[in-house]
Amino acid sequence: MGYRGRRKHLKRLYAPKHWMLDKLSGVFAPKPSAGPHKSRECLPTVIFLRNRLKYALTYTEAKKICAQRLIKIDGKVRTDMTFPAGFMDVISIEKTNEFFRLIYDVKGRFTVHRITKEEAQYKLCKVKKVMVGGKGVPMIVTHDGRTIRYPDPHVKVNDSIRLNLESNKIEDYIKFDSGNLVMITGGHNLGRVGVITSRERHPGSFDIVHIKDAANNTFATRLSYVFLIGKGNKPWVSLPADKGVRKSITEEREKRLAQKA
């Protein structure tokens, strides 16, 4: 008897590294449901509640919190505790009046990044596809699986849009141009923030984008890993503590020693 359909379980050792689950407290990890983000690039609600916020001590407690309809993701109540929340998603807990945005730190992990109620009204989405649907309706598809009809005709693939979560309307957009602020969402430079300096086109291979961060370090990454987060060097969303600047090992060591002293 072979497998029928998708795997229903996930062993703890094969869970994504950035979930930061320990090896010994159980055999299994929560397997993310099918949803808007890839299972290796998401954070299930149960891990956010139990391992990050510590609002639940156990899997069952997290389940009960979700069942009470207390957790909203992108303005929608989600009772599925393995719902895959991903990059740029807004998690709201109205009972405690708290709002979080899932965003990477410089080590490539989702941080508990608290935001204001005003900032929780919108999110940024990367445009993955521009197409014309039935009856000639123009549409765009975003990184979180949304299809938005009748977008601004200037919006193209790789641009970012600012989406109002209540009305699902596009408020503004950022063009993919040199000089705009980006965050890296994959690869070795995951979580770093910088300004685009140039783009190399490689037909038939991966386009490479060169980026310079606030500390004047330069690095290059694939175009598919680049996510625009601001015009010029002004971000449209608040950033975690390090502001996306990765420190070298020696700088991190000096910082730790300074804190101890």
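## Arg 101 and its surroundings

The side chain of Arg 101 comes to 3.0 Å from the backbone oxygen of Glu 119. This is a predicted model. Arg 101 sits in strand S8, which covers residues 98-104. Its relative accessibility is 0%, so Arg 101 counts as buried; the cut-off for buried is under 20%.

Arg 101 has contacts well beyond Glu 119. Leaving aside residues up to four places away in sequence, Arg 101 touches Met 88, Asp 89 and Val 90, as well as Thr 111, His 113 and Ile 115. Glu 119, Tyr 122, Lys 123 and Val 237 complete the list.

## The nonpolar cores

Met 88 is among the residues with the most contacts inside the largest nonpolar core. That core has 52 residues. Trp 19, Ile 71, Phe 87, Ile 91 and Ile 229 are also named among those with the most contacts inside it.

Strand S11 spans residues 138-142. Four of its five residues are buried, so S11 is largely enclosed by the rest of the structure.

S11 pairs with strand S10, residues 122-132, through five bridges. The two run antiparallel. Met 131 stands opposite Met 139 of S11. S10 and S11 form a hairpin, with five residues between them. In that turn, Lys 135 has a positive phi of about 60°.

S11 also pairs with strand S12, residues 147-149. This pairing is antiparallel, over three bridges. Val 141 has Thr 147 in S12 as its bridge partner. S11 and S12 form a hairpin as well, with four residues between them. Gly 145 in this turn has a positive phi of about 75°.

## Helix H3

How many of the 12 residues of H3 are buried? The count is zero, and H3 is hardly covered.

Helix H3 runs over residues 249-260. At 1.5 Å a residue, its 12 residues should span 16 Å. The C-alpha atoms at its ends are 17 Å apart, which agrees.

Conventions. Residues numbered from 1 in each chain as written. Predicted model: local features only at pLDDT ≥ 70, side-chain atom pairs only at ≥ 80, totals over all residues. Heavy atoms only, no water. Buried < 20%, exposed > 50% of the residue type's maximum accessible area, 1.4 Å probe, protein only. Polar contact = N/O pair within 3.5 Å; in protein donor to acceptor, adjacent residues only side chain to side chain. Contact = heavy atoms within 4.5 Å. Core = buried A, V, L, I, M, F, W, Y, C linked by side-chain atoms within 4.5 Å. Pairing = 2+ DSSP bridges. Expected span 1.5 Å × (residues − 1).
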